[in-house]
Amino acid sequence: MSYDAIVIGAGVVGPCIATALARQGRKVLIIERDWSEPDRIVGELMQPAGLKALKELGMIQAVNGIDAVYVDGYYIKYHDNRIQIQYPDKYDCDKMNPVKPVPDCVFGDNDKYLENDPAIISEDWDQHENVRGLGFSNGRFLTNLRKIVRAEENVDWIEGSATEVVRDKENPDWVRGVKVKSLKGDFTTYEAKITFACDGIYSKFRKEHSKTNVPAVGSYFVGLQLEDAKLPAPHHGHVILGDHAPVLIYQTTPKETRVLCAYRSTKPPSAANDTFYRYLEQEVLPSLPEELKPSFEHAMAGRKFRPMPNQYLSALKQGSRNKGFIMIGDSLNMRHPLTGGGMTVGLNDAVLLMKLLHPKQVPELDDYDLVSKKLRQFHSKRKRLDAVINTLSIALYSLFAADSRPLKILQDGCFKYFLLGGDCVKGPIGLLSGMLPFPMLLFNHFFSVAFYSIYCNYCERGFAGFPVALYESFEVIVTAVMLFTPYLWKELVN
C-alpha cells in the first residue's frame with residue numbers, strides 16, 4: 001500500500017509528526033518496533049517551550065493523567081550556597097514568543113489541559129504569573145502520545161522494525177519507502193511520497209544522510225530513583241554543584257524522584273565495579289541537601305542504576321540529496337541533556353516543519369524541489385532555538401563539571417552572576433526554558449558571566465594577588481572563547 005508519508009519511530013517526535021500530517025489530510029503510516037509502554041530515564045523533564053509546542057500541535061493533553069509534577073524553576077546548590085530561580089514571566093514570554101498553532105491541528109480545545117487532572121489544575125496554571133515546566137514518567141507520556149496518533153483516522157500503525165530505505169531504481173537519490181520486518185520475521189515493503197526518520201539517538205537511518213556525521217559521547221549520566229524523597233524546594237529542578245560533576249534532581253511523580261549524576265567518563269560505569277559507588281558515597285552524597293540524604297542512601301543500597309550517554313550531534317542540512325527522506329528529532333540533532341532541552345528542540349522542530357509542509361505550502365509531498373526549498377527554510381528558522389539550547393547545554397555542563405582553574409573561576413562567577421538577580425537571572429532562565437530563543441541574548445549573557453567571573457577573581461585575589469589574577473583573566477577569556485564560540489558557530493552556520 002502507498003502512503004503520503006511514512007514515519008519511522010513512535011518516540012516523542014514521531015507521533016507528533018504523524019498526527020499533524022494526518023490532521024492536515026495526509027495518509028500516514030507510523031512504524032514502531034514495540035508499542036508497549038517504554039521504561040526510560042530520558043525525556044522526563046519538559047521545559048515550558050516544549051509544552052508550548054505541544055499546545056501548537058493540539059497534543060498538550062498527552063501530559064494529562066500521568067501524575068505529572070509541575071516545575072516552577074530551579075534550585076541551585078553550589079557548595080554551601082543556595083539560590084532559587086523562577087521561570088520567566090508569562091506576559092513577557094507571550095509577547096516575545098507567542099503560541100502560534102500549526103494549521104488544521106488545533107480544534108475542540110485539544111490545546112488545553114483536561115479539567116479533571118488533579119496534577120495540572122487549569123485555573124491554577126492560567127492564574128500563575130510565570131510559565132511552568134513538567135516532570136513526568138517518560139513511558140506514560142509516550143503511551144499518551146501513541147494513543148493520540150493511533151486514534152487519527154488517516155493513520156495506519158504497525159509493530160515492526162524498519163530495516164532499510166527503499167530507493168527508486170532509476171533515481172537512487174530518491175527514497176520511495178522502507179522495508180519492514182514484522183514480529184513474525186516477514187518482510188514487507190511500504191511506499192510513500194516522503195519518509196520521516198524519527199528513530200532516536202541510536203538511529204540506524206542517520207547513515208543514509210551522512211556516514212561521517214556521528215554523535216560524540218563526552219560523558220555519562222547515571223540515573224537513580226528515589227522514593228518519597230524530601231526536596232528542599234518542591235516543584236523545582238535541583239542542580240547540585242561542587243567539586244564533583246553536576247547532579248540533577250527532579251520529581252517525575254508525587255512519590256518518585258529522579259537523580260541524574262554526571263560521570264566524567266566516555267565509558268559507562270559497571271554495576272560490578274565499586275568505583276562508581278565510592279564516587280556516589282564519597283563525593284556526591286556529602287554535597288546533597290540534608291533532607292535528601294536518607295532517600296539517596298536507600299537508593300544507593302539497592303545498587304541499581306542506569307547509565308545513559310551524553311551525546312552531541314549538530315544537524316546537517318537536508319534536501320540536496322536523499323529526496324523524499326527527512327530526519328528529525330534525535331536522529332538529526334542531539335545535545336547534552338543537562339538542560340533538559342531535547343524534547344523541547346524536537347517538538348519545536350516538529351511544529352516548524354509541519355507548518356512548512358502544510359498542504360497550502362506543499363500540495364504534494366513528492367514535489368521534491370519544493371520540499372527541498374522548505375527544508376532549507378526549516379534549517380534556517382530552527383537555528384534560533386536550536387543554537388540556544390544546544391550551545392547552552394554544552395557551555396553549562398563544562399562550567400558545572402569544571403575540572404581546571406579557569407573553568408572553576410567561570411563556575412564561581414556564574415553562580416555569583418545569578419545572585420545579582422534581575423536581568424542576570426531572567427535572561428539565562430528564559431534561554432534555558434526555551435521561551436527566549438535568541439542566540440545574541442545567549443552570547444551577551446555568557447560573556448557577561450565571563451567578565452564578571454574575572455572581576456570576582458580580582459576581588460578574591462586582592463591587591464597582593466593582582467599579577468596572578470591578571471594572568472588568570474587571560475586564561476579565563478581564552479577558555480570562554482574556546483568553550484562557547486565553536487559550538488555557537490557550528491549551530492548557526494552548519
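Domain 1 and domain 3 first: their C-alpha centres lie 35 Å apart. This is a predicted model, where local features need pLDDT of at least 70, side-chain atom pairs count only at pLDDT 80 or more, and totals for chains, interfaces and linings use all residues. Residues are numbered from 1 along each chain as its sequence is written, and side-chain values use heavy atoms, with hydrogens and water left out.

The bounds, then. Domain 1 is 3–69 + 105–213 + 313–389, domain 2 is 216–311, and domain 3 is 402–493. They come from an automatic or database domain assignment. The contact takes 14 residues from domain 1 and 14 residues from domain 3; contact means heavy atoms within 4.5 Å.

How much area is buried between domain 1 and domain 3? About 1300 Å², with carbon and sulfur atoms giving 66% of that. Buried area here is the accessible area (1.4 Å probe) that two parts lose on being put together, summed over both. On the domain 1 side, Arg384, Ala387 and Val388 lose the most area to domain 3, together 37% of what that side buries. Salt bridges across this interface: 0 by the rule. That rule wants a side-chain nitrogen of Lys or Arg within 4 Å of a carboxyl oxygen of Asp or Glu.

Next, Leu470. Leu470 sits in helix α15, residues 466–493. Helices (H or I, at least four residues) and strands (E, at least two) are DSSP runs, numbered from the N terminus. Phe466, Leu470 and Phe474 make a nonpolar surface patch, with about 300 Å² of accessible area together. Areas are Shrake-Rupley with a 1.4 Å probe, and for residues only the protein chains shown count as cover. Patch members have over 30% relative accessible area and no salt bridge; nonpolar side chains (Val, Leu, Ile, Met, Phe, Trp, Tyr) are joined within 5 Å, like charges within 9 Å. Leu470 itself is partly exposed, at 34% relative accessible area. The classes: buried is under 20%, exposed over 50%, partly exposed in between (1.4 Å probe, protein chains only).

Now Tyr220, in strand β11, residues 216–227. Buried or exposed? Tyr220 is buried, with a relative accessible area of 11%. Beyond neighbours within four places in sequence, its contacts include Cys261, Tyr263, Lys267, Pro307 and Met308.

Last, helix α2, residues 48–57. Of its 10 residues, 9 are buried. Among them are Leu51, Lys52, Leu54 and Glu56. Gly58 follows α2, with a positive phi near 70 degrees.
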